[in-house]
Amino acid sequence: MIVVLGGGPAGRIASIRLATAGKKVTLVEPKGKSRGIGGQCLHFGCMPVCALNDIARIVSTARRFHELEMIDTVPALRFSKVMDETLAVQQKIAGILDEETRDAGVDVVYGKAGQVDGRQVYVGDESVDAEAAIIATGSRPNIPDIPGVTLPGVHTPHSLWRLRELPEKIAIVGGGVMAAEFAYIFQEFGSEVTVLARSGFLKNLDRHLRAVAMKELAGVEIHEGAEATGICGTTLTTGVRYRMAGAETGSPADTVLLATGLVPNSGMASGIDKGPGGEILVNDRMQTSVPGIYACGDVAGAPFLTPVARHEGIVAADNILGKVRHMDYSRIPQAIYLAHELAFCGSGAGESASLALPGPAGPGTYWSVPYGDTGLAKIFADPASGDITGMCAAGPAGGVIAGYLAFLMERHFSVHDFEDFIEVHPSSDGIYGLAKYASELFRKHNPP
C-alpha cells in the first residue's frame, strides 16, 4: 500500500497516477468530507480568487459601458450572495474531485491526520505498513507577529471567505501576487483599498507588465517600503499602523487582509530533513532524506503554484513506480489575474533582446481601446539564434499563451519557427505576431 497525505493538487494527482498503475493507494485528507478534497487551490486560493475576479471584471466592464453611455446603470453587488454562491460552487467541485479520485481506485479517508516519523507512517493513531508514502500536506498563511493580529476584522486568505459584508475600507498587507489580485477585486467591488508593501510592490515583475498592473490598480493606494507594525482597535479592527521612511503612520480600515505569503505545512512530518522555512527538502525526483518517503507541492517549498504541485505529484508517483523522472523548474509559466491576465515565463537574461507592443483589439479588449489599455505582448529572444528566452502577455488569454510558449521554449523553438504560423482571428493575442516581426528584424540584421 502507498499512503498519500493531503488531498490537494499534488497529493490527488499523485494518488490517481499510482492507482491507475495498479497500486493500492490510501489518500488521507485531515479535513472532513463536508469541505472535501481540492486543497488550498480550490478552497482558499486560485478558484475562489477566480470567482471574485470574474465578478469584478463584469462590474468594471459595466462601469465602462455606463461611462460611454451605452447602458443606463451599473449593477449593484450583493456581496453576501457572492460569497455564498462561491462556497456552493466550491463544494460542487470538491464532490466531483472526490468522485473522480475514487473512480480511479483511490481509497479516500477523511477526518484523520496522517503523520510520518522517519520511515514510519500513521493514519490517525494507527501505524500502517506502507510500501512508500507521499507527503503533500500543502501550506498555510504566513501570519506576521504584530500587535492586534487576532482582532475581529483581521483575515488571511483562509478566513476571508467568512466575510458577508463588503468592507468599506480594507488594508492589504503584502506586495506580491496575492495582494495585487485581492486589491483589484475589492477596488472594483467599491471598497477603499490600501496596500502596504514592506519592500517593492510586484517588484520582480517585468517593468512593462508591472506598468499594466499599476494602471489596472489605479484606484488603489499603494505604499511601498511600508512595514506593518500593528492593527488598531479594541473589540473591532479600526486601522493599521505602519512604518515608512523612518516615520510611524497609519491608515483607517475596518478589514485587514494579511497577504503575506505561505508557510509549508510540515508539522506532521518528523525524522526528515527540512529547510529553514519548514519546507521538506527533496531532490529533483521529489525524494526526501528518508528512502521511500516523498514530498511534493507546497510542503516542499516555493514556488507555491498549483500546476507545479500537480507536476511534482506526477514526478513523485512515477519514481515510486520505478520510472525515473526529474522535476524541472527552469520554465514555469505564471499569471496574475487583474483586469487582464498578466502572464510571464522565462527572462531576458544573457544576450537576449526584447520587443514589446500593445496587445491587439479583439475579443475581450475591443472596448478597452477608448481607455488605451488593450494589454501587452512582449518577447525576449536571442538575436543570433532567434531562440525565445522569455515572454510577457497581458490580455484575456495571457495565461494560456504563457503555458504554450513555455512548452515551446523548453523545446528550443525560435522566432523563425513562427514564420509560417497562422493564428486565429480575431484574437487578443499579440505574441505570435510579435514573434514573426522579431524574425524579420533578426534576419535583417543577422542574415543566414
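1. Helix α5 is followed by G190, whose phi is positive, near 110 degrees. Helices (H or I, at least four residues) and strands (E, at least two) are DSSP runs, numbered from the N terminus. This is a predicted model: local features need pLDDT of at least 70, side-chain atom pairs count only at pLDDT 80 or more, and totals for chains, interfaces and linings use all residues. Residues are numbered from 1 along each chain as its sequence is written, and side-chain values use heavy atoms, with hydrogens and water left out.

2. How many of the 13 residues of α5 are buried? Eleven are, so the helix is largely enclosed by the rest of the structure. Buried means under 20% relative accessible area, exposed over 50%, and partly exposed in between (1.4 Å probe, protein chains only). The buried residues of α5 are A179, A180, E181, F182, A183, Y184, I185, F186, Q187, E188 and F189.

3. Contact here means heavy atoms within 4.5 Å. Just after α4, G105 takes a positive phi of about 105 degrees.4. Helix α9 (residues 431–445) has 15 residues and reaches 21 Å, close to the 21 Å expected. Buried in α9 are I431, Y432, L434, A435, A438, S439 and F442. Seen down the helix axis, these buried residues fall within an arc of 150 degrees, so they line one face. The arc is that of the directions from the helix axis to the C-beta atoms. On the other side, E440 and K444 are exposed. What do the buried residues of α9 pack against? Their partners are β22 (353–358), β23 (376–381), β24 (388–395) and α8 (398–410).

4. Next, a helix pair. The axes of α1 (residues 9–20) and α7 (residues 306–320) come within 7 Å and cross at roughly 35 degrees. Axes are lines fitted to C-alpha atoms, for helices over the stretch in contact, and angles run from 0 to 180 degrees between N-to-C directions. The crossing of α1 past α7 is right-handed. A crossing is right-handed if the near helix is turned clockwise from the far one by less than a right angle, and left-handed if anticlockwise.

5. Which residues make the contact between α1 and α7? From α1 come P9, A10, I13, A14, R17 and L18. From α7 come T306, A309, R310, G313, I314, A317, D318 and I320. By class, the contact has nine nonpolar, two polar and three charged residues. Ala, Val, Leu, Ile, Met, Phe, Trp, Tyr, Cys and Pro count as nonpolar, Asp, Glu, Lys and Arg as charged, and the others, Gly among them, as polar.

6. Now the backbone. Most residues other than glycine have a negative phi, and most peptide bonds are trans. The bond from A302 to P303 is cis, with omega near 25 degrees. P303 sits in the loop between β19 (293–295) and α7. Another cis peptide bond joins H425 and P426, where omega is about 0 degrees. P426 lies in the loop between α8 and α9.

7. E69 is not a glycine, yet its phi is positive, near 60 degrees. H412 lies in the loop between α8 and α9. Is H412 buried or exposed? H412 is exposed, with a relative accessible area of 55%.

8. M47 belongs to helix α3. M47 is partly exposed, at a relative accessible area of 36%. Leaving aside neighbours within four places in sequence, M47 is in contact with C41 and L42. M47 and P363 are 316 residues apart in sequence and 23 Å apart in space, C-alpha to C-alpha.

9. A349 is in the loop between β21 (341–346) and β22. A349 is exposed, with a relative accessible area of 52%. A349 and D382 are 33 residues apart along the chain, and their C-alpha atoms are separated by 9.6 Å.

Terms used:
Expected span 1.5 Å × (residues − 1).
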